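Here are a few notes to go with your first look at this one. Have the sequence and the model open as you read.

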Amino acid sequence: MPNETRTPSRQFGISRESLTPWLRRLAFYLVLLALWEGVARAGFWPEYLFPGPFTVLETLIRGLRKGTFVTATLVSLRRLAIGYGISLVLGLTLGLLIGRIKALNETLGSLVLGLQALPSVCWLPLAILWFGLSERAIIFVVVLGALFSIILGVEAGVKNTPPLYLKAAHTLGAHGIAIYTQVVLPAALPAILSGLKQGWSFAWRSLMAGELLYFTLSLGNLLQTGRDLNDAAQVMAVMVMIIIVGVSLDQSIFAPLERRVRERWGLG
Amino acid sequence: MTERMVGEVQITRAGITIQSEPPPGGIPLRIAGIHKTFVSRGRTVEALHPVDLDVHAGEFICLLGPSGCGKSTLLSIIAGLDSASGGTVWANGCEVRGPGTDRVLLFQEAALFPWLDVQRNVEFGLRQAGIGAKERAEIAQRFINLVHLTGFERSYTHQLSGGMRQRVALARALALDPAVLLMDEPFGALDALTRDRLQIELETIWAATRKTILFVTHNVREAIALGDRVLVFAPRPGRIIREFRINLPRPRRLEDHALVDQAATILKVLHESDDTAGGVNAQ
């Protein structure tokens, strides 16, 4: 019987050590909010330019109650989902091809690398010329925002597939498409995931930038209306909203995925 | 005495009892003029000088020599993973033209897939062969039991020790019921105790299944403990310089005097052949 057993040790429950960072964090934010409120009350600037945290919170709650913030968030999330979905399909396919086919790597690969250097908002003027101020233009920008990061992530992962895995797969009788679906892609998953994560954050940024120019209700558009109405409280409340949506997407989708992959692959 | 099933055969620690029909066993290999050269920085390097070798069905051959003497290259060519610069390999009379599951290669690093648990790793080859999920699971379970890893079906590679990983790799290869096992220093990275135990288990499995085994090692005593024949390699260019037939009774014990004497003889040959024999381990 094998005596060489290793079981992953995990700690459950809240210990003193795990509580301290949270307390420290809480204290930090309380001080920050107090400072903010203090500066706002000192009256260096009029309230419509520099509202305190309570005013912003009030605006946020009012916005949520009225439903405008909720609708705006849903509109933005819908665009993000469509755009990101398209770049996911394109990115996985192109990344796989560029990673495995040398001729494509030398040609298309260099183009992707070059385009990655271009902030995706720079596509917006062109998108508006081509599609008008339409849904398609903004989704176009979101797709381009995420696409290159995803391609590069997949490509890096695929190119760095350990040759040993491929040899093992071959000697065990794997061939053709199964090599890709059962060995190359899973082996590349950690790198692919970091590409997907970077892609999503770029998509989210491009979406917000693009929506600033739009007249239909959306998160980015709410920022712009706040500016038009000289209402800094609304601008800040929408910013808080954007942070909340961004952080919760990251925490609910990418963080657990990453944790699982790291655990499974034994990376962390 | 523990009893375990290998295919139709029941093995005990002491020996083998044939239950029903005899196992299919190994196939003969014929290696004719296999050589390998490659170009490195404009220089032609001869990795493997032409090798001729006949391996009988069910024979246990150990390839012994220091690093870089072409043993692994030869194994890789027989597995069909690497192409030779010339020469032919025949497996059971058929010319080898690529990888095939009649010849499975095992690696020093075990090469388990970290995204699959133990059972899925063992099932990998069966899945490629198009065997249904239920049958796959049954076969996998049988071989997981055979390598004493019952209870670790759901574990992942990084949760296993080096010895356990090699057991999984062995189960994964055996599940395909290959006629030839090509083992490239599979126990090279293990501690002495684990290695001894795995040697005994491998010998037991071989005795029960009579597969043809080519086993690469740079450990002289390991080679003598396991092999029917020990082929001594020398580097630059990689070639076979001597062949020893080991007629010691099995199961062999590493501390047996006859085995130690035999090891001394072979070590001497290795030292005489080349000053690089320092890479060979007398342990």
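1. Among contacts in chain A (C-beta atoms, placed from the backbone, within 7 Å) between residues at least 6 apart in sequence, 71% join residues at least 24 apart. Bear in mind that this is a predicted model, where local features need pLDDT of at least 70, side-chain atom pairs count only at pLDDT 80 or more, and totals for chains, interfaces and linings use all residues. Residues are numbered from 1 along each chain as its sequence is written, with chains lettered from A and ligands numbered from 1 in the order in which they are written.

2. Chain A has 10 helices and zero strands, counted as DSSP runs (H or I, at least four residues, for helices; E, at least two, for strands; numbered from the N terminus).

3. The C-alpha atoms of chain A fill a box of roughly 75 × 60 × 30 Å along the principal axes.

4. Now for a helix pair: the axes of α4 (residues 102-116) and α6 (residues 135-159) of chain A come within 9 Å and cross at roughly 135°. Those axes are lines fitted to C-alpha atoms over the stretch in contact, with angles from 0 to 180 degrees between N-to-C directions. On the α4(A) side you'll find Gly109(A), Val112(A), Leu115(A) and Gln116(A), which meet Phe148(A), Ser149(A), Ile151(A), Leu152(A) and Glu155(A) of α6(A).

5. Lastly, the two chains touch: 27 residues from chain B and 20 residues from chain A take part. On chain B, β9 (103-106), α2 (118-128) and α4 (162-174) each supply at least two residues of the side that touches chain A.
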